[in-house]
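Here is a short briefing to read beside the model. Keep the sequence and the 3D view open as you go.

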Amino acid sequence: MAGEAPLLSFAGRRSRGSFFAYNASFLVLEIALGLALVYATGLGFSNSFNELALNALMVTTIFLFGLITSTLWILSALTSIHRFHDTGHSGWWVLLRLVPGIDLFVWIFLLFMDGTHGDNAFGPDPRQAKAR
């Protein structure tokens, strides 16, 4: 999106719509990949695998799901940093997302809090860049 911060950057700002779109797509992707990995482990087909092969498949599946989840969490944290910047706050506030139970409140704050109008210390207003 024009005027938005690059996804793999700590700098810049992101609008609420872009923040929601990225995080919704991350959630859908994580659910789809999680279901695919569960299916790949032979759920319901455990009788066709020997025990050692099934255990190795389960360990591999858990590792892959952890890797995918960690990657998507990092991408989500980067979009959160951009939203904090848009609201005029430091990106370090994203560390609140590591506190269980607080994560949802931080996400709701970032989704509904209006960004600062015009340029701020973190860059140009992403909404004004779209209007140009």
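The model is predicted. Seven salt bridges are counted in it. One of them joins Arg13 and Asp86. In α3, Val106, Leu110 and Leu111 are buried.

**The Arg13–Asp86 salt bridge**

- Arg13 pairs with Asp86, and their closest N and O atoms are 2.7 Å apart.
- Arg13 sits in the segment before α1 and Asp86 in helix α2, so this pair ties together parts 73 residues apart in sequence.
- Arg13 is buried, because its relative accessibility of 2% falls under the 20% cut-off.
- Asp86 is buried too, with a relative accessible area of 2%.
- Side chains of opposite charge can pair when their charged atoms come close.

**The network around Arg127**

- Salt bridges link Arg16, Asp114, Asp125 and Arg127 in a network.
- Arg127 forms a salt bridge with Asp114, with 2.8 Å between the closest N and O atoms.
- That pair links distant parts of the chain: Arg127 is in helix α4 (residues 126-131), Asp114 is in the loop between α3 and α4, and they are 13 residues apart.
- Arg127 also meets Asp125 in a salt bridge, at 3.1 Å from N to O.
- How exposed are the members of this network? Arg127 is partly exposed at 27% relative accessibility, and Asp114 is partly exposed at 31%.
- Asp125, in contrast, is buried, with a relative accessible area of 3%.

- Val106, Leu110 and Leu111 are the buried residues to look for in α3.
- They share one side of α3, because they cover an arc of only 135° around the axis.
- An α-helix has 3.6 residues a turn, so residues three or four places apart point the same way.
- Leu104, Phe105 and Phe112 are exposed on the other side of α3.
- What covers the buried residues of α3? The cover includes α1 (16-40) and α2.

- Leu98 is in the loop between α2 (51-86) and α3 (102-112).
- Is Leu98 buried or exposed? Leu98 is exposed, because its relative accessible area of 55% is over the 50% cut-off.

Terms used
Residues are numbered from 1 along each chain as its sequence is written. This is a predicted model: local features need pLDDT of at least 70, side-chain atom pairs count only at pLDDT 80 or more; totals for chains, interfaces and linings use all residues. Side-chain values use heavy atoms; hydrogens and water are left out. Helices (H or I, at least four residues) and strands (E, at least two) are DSSP runs, numbered from the N terminus. Buried means under 20% relative accessible area, exposed over 50%, partly exposed in between (1.4 Å probe, protein chains only). The arc is that of the directions from the helix axis to the C-beta atoms. Contact means heavy atoms within 4.5 Å. A salt bridge is a side-chain nitrogen of Lys or Arg within 4 Å of a carboxyl oxygen of Asp or Glu.
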